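Hi,

Here's the structure I promised to send over.

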Amino acid sequence: MTKAFRFYETGGSDVLKFEDVDVGTPGEGEVRLTQKAVGLNYIDIYFRSGVYPAPSMPSGLGLEGAGIIEEVGPGVTDLAVGDRVAYAAQPLGAYAEARVMPAKGLVKIPDDVSFELAAAAMLQGMTAQYLLRRTYNVKKGDTILIHAAAGGVGQIVCQWAKHLGATVIGTVGSKEKAEIAKAKGCDYPILYREEVVSERVKEITNGQGVEVVYDSVGKDTFDDSLKCLKRLGMMVSFGQSSGAVPPVSLAQLAPGAYFLTRPSIFHYNATREELLASAGELFDVLKSGIVTIDITATYPLADAAKAHDDLESRKTNGSIVFTV
């Protein structure tokens, strides 16, 4: 037996139960791995609270982890016992000491990347990869706006976009977080509690607006984010930490013939080839130092509820990892 988190109903962090589970043996196309580190992401809170429906109940939780393969099932040819691997993939269940999962969602970790860094990097890093390289292909001379610039995805986006030659505007909730974002390449941190973001963006861009807005906040920022766009700009709504965006009228896009998309990492990395390409580009920017990831907090896996509370109350910044 090993331990894993389950929840039997949606709600606050108190619905999480750390229980004994029987992991079992891997079937066709599966592997069993002993986990060494697990990443905490806001999407975990969406599933726990019911914003995103879990496929079934009771449900495991978590989509990101890193560990060592201890058993390989039939049909697995590109992974072996002893391989160091990481993932940011379905099914839910990363909050566990060990687990069985499909081999197609796993990638090998380079020797010079730790389990903790891999667990912190996979979901947030590959999210940044598809945002910057595929949803809107950021190029030299672009100006972008990233909300929650001091958060895990935000810090990666700031660094990577700066490397690509963009001017980076970011929203933050405090002067301390503004300094964090600035250190990661954000040219213009905006204190959203003190300024109207769209007005400040127009001031920075001489009235032009930005090519793209990356918005993981949702309800509280969506309308003002549209006002930040230049003509033919793209609104990328990839999260909803403040709540779901209300229904959108197409007329809201008319003022600048704006583009609007609601992307997901699971669609961008739906194939094995897409996953390996995305993870490969992420590991390249990590190893080269273009992107550094600050693991600002670590919690024992058993303290998952406390970590959720800290994340929801915005006490954290950067990346958070559970040790197993």
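This is a predicted model: local features need pLDDT of at least 70, side-chain atom pairs count only at pLDDT 80 or more; totals for chains, interfaces and linings use all residues.

Numbering runs from 1 along each chain as its sequence is written, and side-chain values use heavy atoms, with hydrogens and water left out.

Ile 144 is also among the residues with the most contacts inside the largest nonpolar core, which has 88 residues; Leu 132, Trp 160 and Tyr 214 are others on that list. (A nonpolar core is a set of buried Ala, Val, Leu, Ile, Met, Phe, Trp, Tyr and Cys residues joined through side-chain atoms within 4.5 Å; buried is under 20% relative accessible area, with a 1.4 Å probe and protein chains only.) Helix α2 gives the most to this core, with 12 residues. A second, separate core has 15 residues, among them Met 235 and Leu 253.

Now the helices (DSSP runs of H or I, at least four residues, numbered from the N terminus). α2 (residues 115-135) packs on α3 (residues 152-163) at about 45°, axes 9 Å apart. The contact includes Leu 132 of α2 and Trp 160 of α3.

Last one: Thr 221 is buried, at 16% relative accessible area, and contacts His 147 and Asp 215, leaving aside its neighbours within four places in sequence.

Cheers

How values were computed
Axes are lines fitted to C-alpha atoms, for helices over the stretch in contact, and angles run from 0 to 180 degrees between N-to-C directions. Helices (H or I, at least four residues) and strands (E, at least two) are DSSP runs, numbered from the N terminus. Contact means heavy atoms within 4.5 Å. Buried means under 20% relative accessible area, exposed over 50%, partly exposed in between (1.4 Å probe, protein chains only).
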